[in-house]
Amino acid sequence: MDKQEKELLALAPQEEPARQYYFIEAIRRKLLEERPAGAPGPSCCVVTFGCQMNARDSEKILGILQKAGFQETQQEQQADLVLFNTCTVRENANEHLYGRLGRLKRSKKEHPERIIAICGCMMQEADEVEKVQQKYPYVDLIFGTHNLYRFAELLFELLIRREEETARRARERRVVEVLPAADRIVEELPNSRKYPFKQGVNISFGCNNFCTYCIVPYVRGRERSRRSDDILAEIRQLASEGVVEVMLLGQNVNSYGNDNPEEISFPELLRRVCRIDGIRRVRFMTSHPKDLSDELIQVMAEEPKICRHLHLPMQSGSTEILKAMNRRYTKEGYLSLVEKIRSRIPDMSLTTDIIVGFPGETEEDFQDTLDVVRKARFDSAFTFIYSKRTGTPAAAMENQVPEDVVKDRFDRLLQTVEGISKEESGRDTGKTLEVLVEGPDEGREGWLTGRLSNNILVHFPGDQALIGKLAMVKLLSSKGFYYLGELE
Ligand code: SAH
Ligand code: SF4
Ligand code: F3S
């Protein structure tokens, strides 16, 4: 580190996010010095795995990189900086990362100046960090979910280490920082918005539910709700920038505020979001059935801005298995909740998540799952084969279900789920409904793609000037997962 850089570090403000903005500027200057005047900045490729939380985090990461002078690219094999934002919810998510990392080995060898970084849920697991360090020595930067806000500072540190230790091996220059728990919520980081008209907004981080199969509470930490004033201020700002649809994000939005006695409830938060001028549609993810209150159903029924789509993961239809999963509801409880929602809000589209092959699941348990699927008539369901996650209580359960039995149940479940989806799809054919126009329809010249309130896609001919706007579209025919329509 030269004298000037030492001075720079000593001058960094202690408070956040000012400290990170300081490092963003330091990176920007450094990159500028290294490039001929007027040349474009280095390229970066952010690859995101997993859920909406990760997608939201990636927008923050990309925002930081762009502010520091990087230019976004999708070319993973060529980018000057590649960052993987990882997921570890199921084993195949992990395999996915290692496949992608392996494919970068050659190009990194040819261009050692490229930066390879990994962050996200998988990096909150000590074993995985160890594996990356041992088997993928060409990874330059590792950080976790709790210190994502420190990305700029960590990247700056890496840039400096690379300069001063060029003679040493890559693994000794590597920057690794993973925190065991979140020390704070840092707001107001730069943001790179994927769509100008819709945006995800975090309302809480982490999870307290400890479903016995799930790793999320271990890698995302305890539930922390953001202050409602901060959430509302962010949404007002987004509305002033032209955003018409927000998606409120949390592992369990229904328990929003439970960690802070002074905070408002989730239904009240929804009411206040709906009052913001300019916001026309409000979505949220995910709802845990055990915390879905009558007040929430009431608000959904009353507020036309709340979209007609509820994702309500059931996981299993067997009361026994639900108990072993620590879901804290029964088969009957889930069904009566569905009944209540359907009777109050008949046009609500319901989707769910289902796991097959949880330890101890018998054919009878599985039949209960099929029974709920048939009765609840989900518009669609994400079906997963149970994946053993080290460190979770279910991983230590003795009665794991043999692979061939699970596979057979999975196929039968998929058949049932798809059959019902097919029957349910197209039920709005002939109606004229409001669509948020999201972009040009890939593949059909002069056509657009939009989304109904119930989250189903509609393709129709129209002018690109409509993108980002709400339009009334007549649904002419159903193609299963989408409609073809025409503007009214
Ligand atoms: N917080 C959300 C779910 C987040 S994980 C909720 O509670 O609904 C998304 C989905 O992944 C879960 O709903 C579950 O169906 C699935 N999942 C989580 N852990 C899993 C595991 N170990 N094996 C298979 N599927 C799993
Ligand atoms: Fe995982 Fe359960 Fe929390 Fe969802 S509610 S993130 S499934 S522990
Ligand atoms: Fe995966 Fe982390 Fe989301 S483990 S599902 S990316 S919270």
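Reply: This is a predicted model. For α11, the cover of the buried residues includes α10 (228–240), β10, β11 (281–285) and α12 (294–302).

Me: Which residues of α11 are buried?

Reply: The buried residues are Phe 266, Pro 267, Glu 268, Leu 269, Leu 270, Arg 271, Val 273 and Cys 274. Because eight of the nine residues of α11 are buried, the helix is largely enclosed by the rest of the structure.

Me: Which residues of the largest nonpolar core touch the most other members?

Reply: The general idea is that nonpolar side chains tend to be buried together in soluble globular proteins. Here the largest nonpolar core has 67 residues, and Val 246, Leu 248 and Phe 266 touch the most other members. Phe 266, a buried residue of α11, is in contact with Ile 203, Leu 248, Val 253, Asn 254, Tyr 256, Phe 284 and Leu 296, residues up to four places away in sequence not being counted. There is also a second, separate core of 31 residues, with Ala 12, Val 46, Ala 117 and Leu 141 among its members.

Me: How should I read a residue in a loop, such as Asn 252, and is it buried or exposed?

Reply: A position in a loop is to be read together with the accessibility. Asn 252 is in the loop between β10 (245–249) and α11 (266–274). With a relative accessibility of 1%, Asn 252 counts as buried. A polar atom of its side chain lies 3.2 Å from the backbone nitrogen of His 288. Beyond four places in sequence, the residues that Asn 252 touches are Asn 209, Glu 223, Thr 286, Ser 287, His 288, Lys 290 and Asp 291.

Me: Where does Arg 427 lie, and with which side chain does the side chain of Arg 427 make a polar contact?

Reply: Arg 427 is in the loop between α16 (403–424) and β15 (432–440). Its relative accessible area is 37%, so Arg 427 is partly exposed. The side chain of Arg 427 makes a polar contact of 2.9 Å with the side chain of Asp 379. Apart from neighbours within four places in sequence, Arg 427 is in contact with Met 348, Ser 349, Asp 379 and Tyr 483. Arg 427 and Ser 477 are 50 residues apart in sequence, and their C-alpha atoms are 9.9 Å apart.

Me: How does one read the shell around a ligand, and which residues are closest to ligand 1?

Reply: One lists the surrounding residues, and then looks at their classes and polar atoms. Ligand 1 is surrounded by 15 residues, the closest being Arg 90, Gln 251, Gln 315, Asp 353 and Ser 387. By class, this shell has seven nonpolar, four polar and four charged residues. Strands β13 (349–356) and β14 (380–385) each supply at least two residues of the shell.

Me: Which polar side-chain atoms lie by the atoms of ligand 1?

Reply: A polar side-chain atom of Arg 90 lies 2.9 Å from an oxygen atom of ligand 1. For Gln 251, a polar side-chain atom is 2.8 Å from a nitrogen atom of the ligand. An N or O atom in the side chain of Gln 315 is 2.7 Å from an oxygen atom of ligand 1. On its own, ligand 1 has 540 Å² of accessible area, of which the protein covers 90%.

Me: How do the residues around ligand 2 and ligand 3 divide by class?

Reply: The shell around ligand 2 has seven nonpolar residues, three polar and one charged, and includes Cys 207, Cys 211, Cys 214, Gln 251 and His 288. Around ligand 3, the shell divides into four nonpolar, four polar and one charged. Among the residues around ligand 3 are Cys 51, Cys 87, Cys 121, Arg 220 and Gln 251.

Note on methods: Residues numbered from 1 in each chain as written. Chains lettered and ligands numbered in written order. Predicted model: local features only at pLDDT ≥ 70, side-chain atom pairs only at ≥ 80, totals over all residues. Heavy atoms only, no water. Near = heavy atom within 4 Å. Polar contact = N/O pair within 3.5 Å; in protein donor to acceptor, adjacent residues only side chain to side chain. Areas by Shrake-Rupley, 256 points an atom, 1.4 Å probe, with all protein chains shown as cover. Helix = DSSP H or I, 4+ residues; strand = E, 2+ residues; numbered from the N terminus. Nonpolar A, V, L, I, M, F, W, Y, C, P; charged D, E, K, R; others polar. Core = buried A, V, L, I, M, F, W, Y, C linked by side-chain atoms within 4.5 Å. Buried < 20%, exposed > 50% of the residue type's maximum accessible area, 1.4 Å probe, protein only. Contact = heavy atoms within 4.5 Å.
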